[in-house]
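Take a walk through this fold, from its overall outline down to single residues. Keep the sequence and the model side by side.

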Amino acid sequence: MYQVYAFSTPNSVKVPIALEELGLQYELHSVNVRKGEQKHADFVALNPNGKVPVLRDEERGFTLRSPRRSWSISRSVTARCSRRSR
Ligand SMILES: N[C@@H](CCC(=O)N[C@@H](CS)C(=O)NCC(=O)O)C(=O)O
């Protein structure tokens, strides 16, 4: 299952929207950028850049994170999903 680390910002919401559209299961972890949670050590361990969104797939062992653009995270998930369904 995918793990999404995001907040209610336009960049963040692109990732859960893509996962919803693809019908993929995910858990959403809120990272409140207004409270500075993106700079907490546990989040910086996921993304040293300290920005949301971050997408993790622990089963396949990959993490996609900003500064990769959020649309590119969404596009990567779509590509992986379409390769699997062939
Ligand atoms: N180009 C990146 C930008 C990511 C980004 O700027 N995220 C913002 C929220 S929309 C953030 O994490 N801001 C917190 C900070 O910069 O400390 C994307 O499209 O994902």
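What percentage of the 86 residues in the protein is buried? Buried residues make up 28%. A residue counts as buried if 20 or more other C-beta atoms lie within 10 Å of its own, as exposed if 12 or fewer do, and as partly exposed in between, with C-beta atoms placed from the backbone.

This is a predicted model, in which local features need pLDDT of at least 70 and side-chain atom pairs count only at pLDDT 80 or more, while totals for chains, interfaces and linings use all residues. Residues are numbered from 1 along each chain as its sequence is written.

Start with the outline. The protein has three helices and four strands. These are DSSP runs numbered from the N terminus: helices are H or I with at least four residues, strands are E with at least two. Along the sequence the pattern reads β-α-β-α-β-β-α. The C-alpha trace spans about 40 × 25 × 20 Å along its principal axes. The radius of gyration is 12 Å, which agrees with the value near 12 Å for a compact globule of 86 residues. That radius is taken over C-alpha atoms, and the globule rule is 2.2 Å times the number of residues to the power 0.38.

Now the sheet. The four strands form an open sheet in the order E2-E1-E3-E4, with mixed pairing. Two strands pair if DSSP finds at least two bridges between them. The edge strands are E2 (26-30) and E4, each pairing on one side only. From one strand to the next, the twist averages 15°. Axes here are lines fitted to C-alpha atoms, for helices over the stretch in contact, and angles run from 0 to 180 degrees between N-to-C directions.

Look at E1 (residues 2-6). Four bridges join E1 to E3, and the two run antiparallel. Gln3 stands opposite Arg56 in E3. Tyr5 stands opposite Val54 in E3. Helix H1 packs on the sheet, touching E1, E2 and E3, and its direction makes about 155° with that of E1. Contact means that the C-beta atoms of two residues, placed from the backbone, lie within 7 Å. Leaving out residues up to four places away in sequence, Tyr5 touches His29, Val31, Phe43, Leu46, Val52, Pro53 and Val54.

Pro53 deserves a stop. It sits in the loop between helix H2 (41-46) and strand E3 (54-57). A cis peptide bond joins Val52 and Pro53, with omega about 5°.

Move on to the hairpin. E3 and E4 are antiparallel and joined by four bridges. Val54 has Arg65 of E4 as its bridge partner. Asp57 has Phe62 of E4 as its partner. Four residues lie between the strands of this hairpin, and Gly61 takes a positive phi near 70°. Phe62 lies in E4 (residues 62-65). Phe62 is exposed because 11 other C-beta atoms lie within 10 Å.

Finish inside. A nonpolar core is a set of buried Ala, Val, Leu, Ile, Met, Phe, Trp, Tyr and Cys residues joined through C-beta atoms within 7 Å. The largest one has 15 residues, of which Val4, Tyr5, Ala6, Val15, Leu19 and Leu55 touch the most other members. E1, H1 (10-22), E3 and H3 (70-84) each supply at least two residues of this core. E1 gives the most, with four residues.
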